[in-house]
Amino acid sequence: MDSLIDSLDRLNKTFDKQEIRIDTIDGRLDDHDRILAHHDEKLANLSKEVFKHNA
């Protein structure tokens with residue numbers, strides 16, 4: 001029975017580590033989404049400027 005409890009404890013710790021890794025990756029993806037949104041806005045503004053100059 002002790003070996004089963006030990007195995008379950010190790011498995012639980014593994015899941016906890018994976019959850020931390022997933023949260024870290026999710027945070028990085030959020031950062032990248034914000035960066036991409038910022039670049040999209042800059043490109044849209046540049047496109048407007050180019051259009052004004054070419055009109």
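User: What percentage of the 55 residues count as buried?
Analyst: The answer is 0% of the 55 residues in the chain. Keep in mind that this is a predicted model.

User: OK, and how many helices and strands are there in the chain?
Analyst: The chain has 1 helix and 0 strands. The radius of gyration is 24 Å, well over the 10 Å that the globule rule gives for 55 residues, so the chain is more spread out than a compact globule.

User: What box do the C-alpha atoms fill?
Analyst: Roughly 80 × 10 × 5 Å, taken along the principal axes. For a pair to go with that, take I25 and H53: they sit 28 residues apart in sequence, and their C-alpha atoms are 42 Å apart in space.

User: Switching to surface. How much accessible area does the chain have?
Analyst: About 5400 Å², and carbon and sulfur atoms account for 59% of that.

User: Where's the nonpolar patch, then? Which residues make it?
Analyst: M1, L4, I5, L8, L11 and F15 make a nonpolar surface patch of about 660 Å². One of them, L11, lies in helix α1, which covers residues 2–54.

User: Now charges. How many positive and negative side chains?
Analyst: There are 9 positive and 13 negative ones, with the centres of the two sets 6 Å apart.

User: And which residues form the negative patch?
Analyst: D16, E19, D23, D26, D30 and D33 form a negative surface patch. D33, for one, is in helix α1 and is partly exposed, at 48% relative accessible area.

User: How many salt bridges does a search of the whole structure find?
Analyst: It turns up 3. As background, side chains of opposite charge can pair when their charged atoms come close.

User: Let's take them one by one. What's the N to O distance for K13 and D9?
Analyst: That salt bridge comes in at 3.5 Å, N to O. K13 and D9 are 4 residues apart in helix α1, so about one helical turn separates them.

User: Next one: what about D31 and R34?
Analyst: Their side chains meet in a salt bridge at 2.3 Å, N to O. D31 and R34 are also in helix α1, 3 residues apart, which means a separation of about one helical turn.

User: And which accessibility class does each fall into?
Analyst: D31 is partly exposed, with 38% relative accessible area. R34 counts as exposed because its value is 53%, and the cut-off for exposed is over 50%.

User: Last pair. How far apart are the closest N and O atoms of K52 and E49?
Analyst: They are 3.8 Å apart, and a salt bridge needs the nitrogen within 4 Å of the carboxyl oxygen, so the pair counts as one. K52 and E49 both lie in helix α1, 3 residues apart, about one turn of the helix.

User: Why do K52 and E49 land in separate accessibility classes?
Analyst: K52 has 59% relative accessibility, so it counts as exposed. E49 has 38%, which makes it partly exposed.

Terms used
Residues are numbered from 1 along each chain as its sequence is written. This is a predicted model: local features need pLDDT of at least 70, side-chain atom pairs count only at pLDDT 80 or more; totals for chains, interfaces and linings use all residues. Side-chain values use heavy atoms; hydrogens and water are left out. Patches are made of residues with over 30% relative accessible area and no salt bridge: like charges are joined within 9 Å, nonpolar side chains (Val, Leu, Ile, Met, Phe, Trp, Tyr) within 5 Å. Accessible areas come from the Shrake-Rupley method with a 1.4 Å probe; for residues, only the protein chains shown count as cover. Helices (H or I, at least four residues) and strands (E, at least two) are DSSP runs, numbered from the N terminus. Buried means under 20% relative accessible area, exposed over 50%, partly exposed in between (1.4 Å probe, protein chains only). The radius of gyration is taken over C-alpha atoms; the globule rule is 2.2 Å times the number of residues to the power 0.38. Lys and Arg count as positive and Asp and Glu as negative; His and the chain ends are not counted. The place of a charge is taken as NZ of Lys, CZ of Arg, CG of Asp or CD of Glu.
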